[in-house]
Amino acid sequence: MFVTRFLIAAALAAAFCFTSTAAAHGPSPEKSMLRVNITSQAWNFALPWQKMNPSTRRGLGALLSENRVLVTAELAQDASYLELEIASSGRKLVSRVEAVDYELNLATIVPVEDPGDFFAGMVPLEVDTSLKPKAPLTIWQFEANGAPVSSTAELSRADLAPYFLEDTSLLIFQANGAVQYRAGTFTLPVVHEGKLAGMLIRYNSRDQVSDIIPPSIIDRFLKDVETAPYDGVPNFGAKTAQTLDPQLRRLLKIDSLEGGILITSVTPGFSAEKSGLKENDVILEVAGHKIDSRGNYTDPDLGLLSAGHLIRSAPVGGIVKMKIHRDGKPVDVDVKMERRPASDYLVDPYMFDRGPRYLLLGGLLFQELTQPYLQLGGREWRERSPFRLLFARENQEDFLREGRRKLVFLSGVLPSPSIQGYESLRSLIVTKVNDVPVNDIKDLAGAFAAPINGVHKIEFSDFPKLIHVDAAAAEQDNKEFLPARYRINKLQRLE
Amino acid sequence: MRVFAGLKLDKAGKVGALSGKRRRTSSRRSRGGSISLNLQPENATAREMRLCQKLRRCSIRPSLIGPRRNNPIPPQSFMKKHPLSLSLAVLISLTVSLSAQEQTDEATTSLGAQYEGIVNIECNSLEVDYQAPWNPATPGGGTGTGFLIGPNLFLTNAHVVSDASRLVIRKVGDPQPYRAKVKHIAHDCDLALLELTQPVKAFEKVKPLQVGDAVPKLDTTVKVIGFPIGGERITVTRGVVSRVDYQDYSHSGVDQHLAIQIDAAINPGNSGGPVLQGNSVVGVAFQGYSGSVAQNTGYMIPTPVIQRFLKDVEDGSYDRYVDLSIAHFELLNPAQRKALGLPDDSIGVLVANVDAEGSCAGVLKHGDVMLAIDGHAIKSNGMIEIEGEEVEMAEVVERKFSGDKLKLRFWRDKQQQEAEITLKNVEHHLMTATKYEYRPNYVTFAGLVFQPMGAGMMGAHNITNLRTRYFYQYFASDELYKVKPQPVVLTNIMPDSINTHIREYTGQIVDEINGVKIKKLKDVTEALAKDPEGGCITIRLLGEGRPIALDKKEAAAAQQRILKKYLIGEPAFIE
């Protein structure tokens, strides 16, 4: 794995090129870039009533108009306290996250109160949306003492790659050139001819290649932030396969055609399915561009690029026209691009800035399943996490079709008097409580309000399938035992 | 008793105990510095390892002592096994000459008549290759111990003589190797009976060892006799009975029976040897932990298991253990008892799962409470009393045979009911068991390799596909055998121009070929033989939207070319 976070990788990079600061009145590192000190505190997904220990990181932000500072979402994740700092003077200003999009890996930071003269003499950056291949780029940093440092790189190619969330691929610019590491930097602003040309998020010191969030994505994000409500990027909701195999092409009866990619599955409730796309459809054209059998099209500016870019760069609510091949016939489909936020998934693919939903009954800890919970299994979580839960995440469609909104499961047990005999239970998917189907944590809370003859009846999809808990005893444990013995006072989070 | 698919049947108490163990090992210090006892997600692999020992060896699992098949690299020094080939011949000749030379010494030191029936067993075996199932098996072998229990009848462990291509018995002080063969073998309880191919004089006057009936008491002294760490001299170690409990029998990977833990040293080569108390055999040494896990813990197969085996084979064949094929849960919570309408008398366990093809199918159902088994009241922790001893309720079933009846008293809809069931064993429980005396089945076509799902195949191909793992783990408990009695997996693709675009699709279950649902391996050959529409063979994998298409004519031509190129002798082997 050569590509690592800039923070680590760049430490090994050899110093290569220094250029001094730009013109006196135009944008420059010291006039257009600020230090951002962020204290992050993630929620504890195993013990959802508490947070993890806070950690403080330092990054760089690009100053934009209206005293907005642009950083990556990765830096701003789970922020509980943040300061903007003027590198030369060390002057600090308490700030807050104004907007954050974890898929786009971008966030804006604004002062909490009137900044007074904090920004006096600073020059905001504009976003350069006309960037072309081979453009010379400048990457800005500060020395530990606040002195500016610049490195240069050349924009080499565009591709689709994950930013911060591993399951989301978006347009990325790659630039060639050595970038030397300076203390206290996390993500770096990239500048072209005095305008913001991207945010550097990864650097491969071996090949001297930088991954940069392109200005088109930044521009889209900023415009979206300015016009409430925030829309984000749409989700397509289909899996595809290449059609390079001539035998497959014959089977699909597309051997006389050119290119095309095969839809292998569509997710219920997502844009593709709602617009009428089906399994076995072959997508031949997207937004007027021919799609080759690898799923790429030729972008007039950026060259060969995945068709995923055409789909995901559409505005939310917009239409993407597609030409598809279905049962031997060409069909035109207008795909209305809708956004499905993380909370719409059966298993939230990510969760920041909030704790997972949970409910304690006696010592039984029920949660809504999230991917961060599964990721507690460590780097090999896809192999190691509880199998039933992993399998549910992989096959969310089956549960969504059953009418579930979220997967409520018993994540573990805090031994207490009312739940004697159940201490070994864990990782069990809840089906019904007191004969009421449980489709999310609110259903669960509602069901617990109505015990049957003073006893809660809890049903799971797996062994032991059925348990009972005395309602009064559990209530007493909730009121006395859990606060006294486990020091838990917040017994649920339903929102 | 059988352990299957994430549940330990007939023995829910053990489920708790095991998960407790897992909890402790998997609880980690979380990033925030707080230690969570059991709220971290459990480690799925821990459970899988029990089911699929070949996939990843569990360090907690007792490793077999003595030779062990299907495991080319012996873990630790815990097995006595020699590599094949020329070195073996040298070793044998060395052994023979040594014992000839020292024969007189042994006669004069007088080992005592009671040890005369204890023999060294040398086994040459074949290790099958699930990765390239067309290959002839790899020769290997090892040594263990056995003992005479009747005229020309030697008892040893199944794992000492499994997959044997050649068996030789050696008597202490006798230079002559005697050819032997397996008479009966029970892989579910790791026992085997051997006989010499031709009875010889040498054993005529040897007094057989007497196998007792009683289970030795805790803290009583026992002697282990055998041929550990090679050598042709008998070795004796001594210790006490440390624990009597149910244990996994690692030979099959899916069975649990009574086993006795002793602290006498048991080492590789001891396997199959007698454990004596006085002059009576109280057990057969069979497995232990490697030193890195636990010290001074060896296990022996106790007399009830041995006697059952000997009785089972009286009719000339071994019929395996029978099973209730249910999962039960302890009834320790007062609210649970109250809701089920049970009196507060600490009797009864909840029936959590009933195997649809097992002994209790149609009689018990999920939500029933088992109250008594053959007249023995079942305590709420799943224990019963037999002859004054507290034992697991499974013990009643352990002593019975296929076709035997069993009386059940149970609680349903707040009423007591009685039923009689006929005990049987269930085929689909064996899917995850390690197979012996078995040649891997397969079908190859146009470079695609199809194999039936099983422990050997899952381990050899290191399958990570979630759906395939799901079928393997939940085959019995989710009744997946009803859909696919013998799931077929596309395990490998031998590279060729015909399959160059589909190589990423291995590790998945084959659902359909040419429109025919694939329920077992035989269906693959039949479906491939069909004349598909448009001359294009279509293979659909379970949960995969991208079909595999193969031009039938081109595939037929490729088939010959691939068989030749990769030295695949037969295109298929189906038993």
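Asp188(B) is buried, at a relative accessible area of 6% (buried means under 20%, exposed over 50%, partly exposed in between, with a 1.4 Å probe and protein chains only). This residue is found in the loop between E8 and strand E9 (191-196) of chain B; strands, of at least two residues, and helices, of at least four, are DSSP runs numbered from the N terminus. The side chain of Asp188(B) makes a polar contact of 2.7 Å with that of Tyr318(B), a polar contact being a donor–acceptor pair of N or O atoms within 3.5 Å, where residues adjacent in sequence count only if both atoms are side-chain atoms.

The model is predicted: local features need pLDDT of at least 70 and side-chain atom pairs pLDDT 80 or more, while totals for chains, interfaces and linings use all residues. Side-chain values use heavy atoms, without hydrogens and water, residues are numbered from 1 along each chain as its sequence is written, and chains are lettered from A and ligands numbered from 1 in the order written.

Between the chains, 59 residues of chain A are in contact with 61 residues of chain B, contact meaning heavy atoms within 4.5 Å. The two chains bury about 5,100 Å² between them, 57% of it on carbon and sulfur atoms; buried area is the accessible area (1.4 Å probe) that two parts lose on being put together, summed over both. Within chain A, the residues losing the most area to chain B are Phe387(A), Arg426(A) and Phe463(A), together 17% of what that side buries.
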